[in-house]
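Here is a short report for a reader meeting this structure for the first time. Keep the sequence and the model in view while reading.

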Amino acid sequence: MDIKEKIEVKKLEIESEEKGLKGWIKSKQVQKTLIATVIGAIGGFLYFYFTDGRTMDAIPPGDIFQNVIFGAFLGFFVTNSPCARNKC
């Protein structure tokens, strides 16, 4: 019995990933998270402005800050929740 097998080996092409802060910022998930966080913060500010802010003569910055942070958190949660990554 003379069995000859030919094994073919394909060249493995590996693209190098950028490491560090620059590579982290360029990842699609981080960019999507940053955009959603900024949109959420703007939405929190607009919500405050159109609901409570119009009736006030002097708006305390703490109230604005609280709504902006809450909106930013919602934007962050929408992009990083388990359901956003199809794991629920």
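Leaving aside its neighbours within four places in sequence, which residues is Thr79 in contact with? They are Gln29, Lys32, Thr33, Ala36, Ala84 and Arg85. The model is predicted.

**Confidence**

The protein chain averages a pLDDT of 82. A score of at least 70 is reached by 91% of the residues. Among the elements of the chain, helix 2 has the highest mean pLDDT, 90. Helix 1 (residues 21–26) has the lowest, 78. Where pLDDT is low, the predicted coordinates should not be read in detail.

**Thr79 and helix 3**

Thr79 sits in helix 3, which runs over residues 61–80. Is Thr79 buried or exposed? Its relative accessible area is 11%, under the 20% cut-off, so Thr79 is buried. A polar atom of the Thr79 side chain lies 3.5 Å from the backbone oxygen of Gly75.

Gly75 is also buried in helix 3, as are Gly71 and Ala72. What do the buried residues of helix 3 pack against? They pack against helix 2, residues 28–51.

**Helix 2**

In helix 2, the buried residues are Val30, Thr33, Ala36, Gly40, Ala41, Gly44 and Phe48. Thr33 and Ala36 are among the contacts of Thr79 listed above. The buried residues of helix 2 pack against both helix 1 and helix 3.

Ile42 also belongs to helix 2. Its relative accessibility is 47%, so Ile42 counts as partly exposed. In sequence, Ile42 and Gly71 are 29 residues apart. In space, their C-alpha atoms are 7.3 Å apart.

| Helix | Residues in helix | First to last C-alpha | Expected at 1.5 Å a residue |
|---|---|---|---|
| Helix 2 | 24 residues | 34 Å | 34 Å |
| Helix 3 | 20 residues | 28 Å | 28 Å |

Helix 2 reaches close to its expected span. Helix 3 does too.

**Aromatic rings**

How many aromatic pairs does the structure hold? There are 3. One of them joins Phe45 and Tyr49, with ring centres 6.4 Å apart. Their planes lie at 20°, so this pair is stacked. Phe45 and Tyr49 are 4 residues apart in helix 2, and therefore separated by about one helical turn. Phe45 is partly exposed, at 35% relative accessible area. Tyr49 is partly exposed as well, at 37%.

Another pair is formed by Tyr49 and Phe50. Their ring centres are 5.2 Å apart. Why is this pair edge-to-face? Its planes lie at 75°, and planes over 60 degrees apart count as edge-to-face. Phe50 has a relative accessible area of 49%, so it counts as partly exposed. Ring pairs link Phe45, Tyr49 and Phe50 into a cluster.

**In short**

Thr79 is one of the buried residues of helix 3. The buried residues of helix 3 pack against helix 2. Helix 2 packs its own buried residues against helix 1 as well as helix 3.

Conventions:
Residues are numbered from 1 along each chain as its sequence is written. This is a predicted model: local features need pLDDT of at least 70, side-chain atom pairs count only at pLDDT 80 or more; totals for chains, interfaces and linings use all residues. Side-chain values use heavy atoms; hydrogens and water are left out. Helices (H or I, at least four residues) and strands (E, at least two) are DSSP runs, numbered from the N terminus. Buried means under 20% relative accessible area, exposed over 50%, partly exposed in between (1.4 Å probe, protein chains only). A polar contact is a pair of N or O atoms within 3.5 Å; within protein, one must be able to donate a hydrogen and the other to accept it, and residues adjacent in sequence count only if both atoms are side-chain atoms. Contact means heavy atoms within 4.5 Å. The expected span of a helix is 1.5 Å times one less than its number of residues. Rings of Phe, Tyr and Trp (its six-membered ring) pair if their centres lie within 6.5 Å; planes under 30 degrees apart count as stacked, over 60 as edge-to-face and the rest as tilted. pLDDT is the predictor's confidence in each residue, from 0 to 100.
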